[in-house]
Amino acid sequence: MMPFPELVLASHNAGKLKELQAMLGDAVRVRSVAEFSTVEPEETGLSFVENAILKARNAARISGLPALADDSGLAVDALGGAPGIYSARYADGRGDAANNAKLLDALREVPDAERGAQFVCALALVRHADDPLPIICEGLWHGRILHAARGEHGFGYDPLFWVPECDCSSAELPAAQKNQLSHRARAMALLKQQLGI
Ligand SMILES: O=P(O)(O)OP(=O)(O)OP(=O)(O)OC[C@H]1O[C@@H](n2cnc3c(O)ncnc32)[C@H](O)[C@@H]1O
Ligand SMILES: [Mg+2]
């Protein structure tokens, strides 16, 4: 049983919202933070967890409801974990296509064996804005960075992320399959366990 009937999803990313909603199913009534404000909070944390908590608190504050936030990104081994928490801003806010182009360029000389990477997702759930005990769950998804984009599904870096267990890119996976395997799916499975749903 979900401990509350309604939840705000503290994300302005349409791709994420779709995935989180699909994973939550009808366990809880979900509202979007965009109903309350279109202003995105500044992500000033130095870790995924810090940014997830910051976004969850902000959404709870402006909505008066419990809030769930997702801070996620891509950590590339050959780049010392970059773009990491800066994944959305990697190409200075010019969007997914520019982020992907910059990543391909940064890895131009890097051979296959050194192109390991992981998607990271931190979920933070707060019952109210000042909640001293947020629920935090993290998930990782290991893969490799391709030399060119493949696939049309998903969002963000999905076309460049090779999923070894499926022998395809994550943008080639149908949504339902990505939602079973991804970093976000893993974090969400832990969250559901904690909430008993
Ligand atoms: O902060 P919110 O409003 O939730 O939306 P955002 O897009 O800014 O989200 P983040 O700050 O967490 O940045 C996440 C970045 O990592 C990328 N990313 C995260 N999960 C991904 C996934 O499942 N597939 C592809 N790219 C992903 C995504 O494209 C963004 O560039
Ligand atoms: Mg963001």
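Strand E3 (67-76) and helix H3 (96-106) each supply at least two residues of the shell around ligand 1; helices (H or I, at least four residues) and strands (E, at least two) are DSSP runs, numbered from the N terminus. This is a predicted model, where local features need pLDDT of at least 70, side-chain atom pairs count only at pLDDT 80 or more, and totals for chains, interfaces and linings use all residues. Residues are numbered from 1 along each chain as its sequence is written, while chains are lettered from A and ligands numbered from 1 in the order in which they are written.

Among the 24 residues around ligand 1, Ser11, Asn13, Ser87, Ala88 and Gly156 come nearest (a residue is near if its C-beta atom, placed from the backbone, lies within 6 Å). E3 gives the largest share of this shell, 5 residues.

Now to the sheet. Its 7 strands form an open sheet with mixed pairing, in the order E2-E1-E3-E4-E5-E6-E7; two strands pair if DSSP finds at least two bridges between them. Strands E2 and E7 stand at the edges with a single partner strand each, so one side of each lacks a neighbour in the sheet. E4 and E5 pair in the antiparallel sense over 10 bridges, and Ala117 stands opposite Gly143 in E5.

| Strand | Residues |
|---|---|
| E2 | 29-32 |
| E4 | 116-126 |
| E5 | 135-145 |
| E7 | 168-169 |

Ala10 touches, among others, Val33, Ala56 and Leu68, not counting residues up to four places away in sequence; contact takes C-beta atoms, placed from the backbone, within 7 Å.

Conventions. Two residues are in contact if their C-beta atoms, placed from the backbone, lie within 7 Å.
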